[in-house]
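Reader: I'd like to learn how to read charged pairs and helix packing in a model. Could you walk me through it?

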Amino acid sequence: ALRGGQAVVADVRAIIDNDADDSVRTRAVSGLARLPNDAAVPLLIDLARTNKNLEVRKRAVTLLGQSQDPRARAFLQELLK
């Protein structure tokens, strides 16, 4: 799991946004998904909506699909419209 709060989140987002290797980016997205108390849901929704990289967007959507969080469900329903 991730430790260090928002500083770590910012570092992981930088990796997701800037690393040249898709496998590194998608592993970083998976790392964000392990944040406690569904704190990752808004971050994953933002990645799914805005990230330029298709693999990152797909990984974020996959992880949101595994979430029981109502925000994740609402986002996925919006995608399907």
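Reader: Let's start with R71: what is its relative accessible area, and is it buried, exposed or partly exposed?

Author: This is a predicted model. R71 has a relative accessible area of 39%, so it is partly exposed. Its salt-bridge partner is D69, at 2.8 Å from N to O. D69 has 7% relative accessibility and therefore counts as buried.

Reader: How many salt bridges does the structure hold?

Author: Side chains of opposite charge can pair when their charged atoms come close. Here there are four salt bridges. One of them joins E78 to R49, with the closest N and O atoms 2.8 Å apart. E78 sits in helix α5 and R49 in helix α3, so this pair ties together parts 29 residues apart in sequence. E78, at 44% relative accessibility, counts as partly exposed.

Reader: Which residue pairs with E55 in a salt bridge?

Author: That is K58, and the closest N and O atoms are 3.3 Å apart. Both residues lie in helix α4, three residues apart, about one turn of the helix.

Reader: Now for packing: at what angle do the axes of α2 and α3 cross?

Author: They cross at roughly 150° and come within 8 Å. Since angles over 145 degrees count as roughly antiparallel, that makes α2 roughly antiparallel to α3. The contact involves V29, L32 and A33 of α2 with A40, L43, L44 and L47 of α3. By class, it has seven nonpolar, no polar and no charged residues.

Reader: Which residues does R59 contact, leaving aside its neighbours within four places in sequence?

Author: R59, placed in helix α4, is in contact with T26, V29 and S30.

Note on methods. Residues numbered from 1 in each chain as written. Predicted model: local features only at pLDDT ≥ 70, side-chain atom pairs only at ≥ 80, totals over all residues. Heavy atoms only, no water. Axes fitted to C-alpha atoms, helices over the stretch in contact; angles between N-to-C directions. Helix = DSSP H or I, 4+ residues; strand = E, 2+ residues; numbered from the N terminus. Parallel < 35°, antiparallel > 145°, perpendicular 65-115°, else oblique. Contact = heavy atoms within 4.5 Å. Nonpolar A, V, L, I, M, F, W, Y, C, P; charged D, E, K, R; others polar. Salt bridge = Lys/Arg side-chain N within 4 Å of Asp/Glu carboxyl O. Buried < 20%, exposed > 50% of the residue type's maximum accessible area, 1.4 Å probe, protein only.
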